[in-house]
Amino acid sequence: MKKSLLLGAGLLAALVAAGTARAEEDLVLGYMMAKSGPYVSLANTNEVAVDMAVEEINAKGGINGRKIKVVKFDTAGDPKQATTAVRSFAQDAGALAIIGPFSSSEVRTTFPVGEREGISQMSMASSAPGLTKGFTYGFRNTTDEGKVIDQVLASLKDKKLPMATGAAAYATDDVVSKSIGTGVVPKMFEKYAIPSKGAVDFQLAAFDLSPQVAQLKQMAPDVVGLGSPPEGAITIAKELKRQGVSTRLIGGTTIADPELPKRMDGAGEMLTIGTTFFPEVNDKTRAFAAEFAKRTKAAGLNRTDPNQMDASVYDIVYLYAEAMKRAGTTGDKAKLAAERSAVRDQVAKLKDVPALEGAISFADGDAVKPVYILEVKGGKWTLLDTRMPN
């Protein structure tokens, strides 16, 4: 009896050790979510897309014979919480790389921390210009707002749509919106020789934008470069319609909300934006959208249509998977620092990787990929143009 008990105990210890070894060989990715806080309307479905990608990869055998495991942290869009998350993933979770953070304000604080910790981060939404400069571990699967709005104006020019004069309208209490209104739009107007008639600014919490729209009405520009999240775009579009102002609002990825036309209640006709995802591009995007809708509906989420950030974060998992595959990543904790660096190096080298959003490459830390020009027509998004990267 004693012998069998000892044997059983030894067998149990061996099984526990084997299980621990297998767990240690998982390829761990940290995931900074924004499931609460100011970005929740755009970010609360991102987790569904991450889980989809991980399940698909693991179902096909994982990477280098090992499964991907995701450790999650809700930063609530708060830069301080995001910094805590990076340190936790790097020092406690043994993560090989990090999905996120979501916003440009978070990126500003976390990229320096990630550089010191020697762990890659890849944002799914940050699009303020120039945030990857000076960082070797900082990546964004997004397209700089300057490049996006550049492509919007290039499309309008190619299609000979009115753009003889312009104006800017932007939120002052959002980092990216202000950057668009004060930097990106004026620069792009200058590039396309569009005389600016002026600018108006507003607070995102403002319910009454009638004074700002009255100014725009007096300016009578052909296009208004808009720096705002979806909520500001809705408010200004409704007021433009109320005052009978007919002008084309243009913007970038900050207002790439699939439900925006519906939320505008008939306002916003001709609103034209650039985005890196449109579900009607091909069979792959349609299949993703259908599965995404099924999962978000089952989870009781309000929005079931995937947005650009959902597609981006789905592709981030696959981009890391490809980098880990090329780097021969093992998940061995004794090699963690070296494998983190190898993943970083392989991400930087990725070129024309087939992805949901289109072929993706990296240049100076930012993704290079197609930009889809969408226009609100008949109360829904329609594809106006597809701009391929040079």
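The axes of helix α3 (residues 46–59) and helix α12 (residues 308–327) come within 8 Å and cross at roughly 30 degrees; axes here are lines fitted to C-alpha atoms, for helices over the stretch in contact, with angles running from 0 to 180 degrees between N-to-C directions. That makes α3 and α12 roughly parallel, a label used for angles under 35 degrees. Their crossing is right-handed, meaning that the near helix is turned clockwise from the far one by less than a right angle. On the α3 side the contact (heavy atoms within 4.5 Å) involves Asn46, Ala49, Val50, Met52, Ala53, Val54, Glu56 and Ile57, while α12 brings in Met309, Asp310, Val313, Tyr314, Val317, Tyr318 and Ala321.

All this comes from a predicted model, where local features need pLDDT of at least 70, side-chain atom pairs count only at pLDDT 80 or more, and totals for chains, interfaces and linings use all residues. Residues are numbered from 1 along each chain as its sequence is written, and side-chain values use heavy atoms, with hydrogens and water left out. Helices (H or I, at least four residues) and strands (E, at least two) are DSSP runs numbered from the N terminus.

From α4, Pro79, Ala82, Thr83, Val86, Arg87, Ala90 and Gln91 take part; they meet residues of α5 including Ser105, Thr109, Val113 and Glu117.

Then there is α7. Its 17 residues (175–191) should span 24 Å at 1.5 Å a residue, and the end C-alpha atoms are 23 Å apart, which agrees; the expected span is 1.5 Å times one less than the number of residues. Even so, α7 bends by about 35 degrees at Gly181, the bend being the angle between axes fitted to the seven residues ending there and the seven starting there. Just past the helix, Ala193 has a positive phi of about 55 degrees.

Finally, Met33 sits in strand β1 (residues 27–33) and is buried, with a relative accessible area of 7%. Beyond its neighbours within four places in sequence, Met33 touches Glu47, Lys72, Phe73, Asp74, Thr75 and Ala76.

Note on methods:
Angles under 35 degrees count as roughly parallel, over 145 as roughly antiparallel, 65 to 115 as roughly perpendicular and the rest as oblique. Buried means under 20% relative accessible area, exposed over 50%, partly exposed in between (1.4 Å probe, protein chains only).
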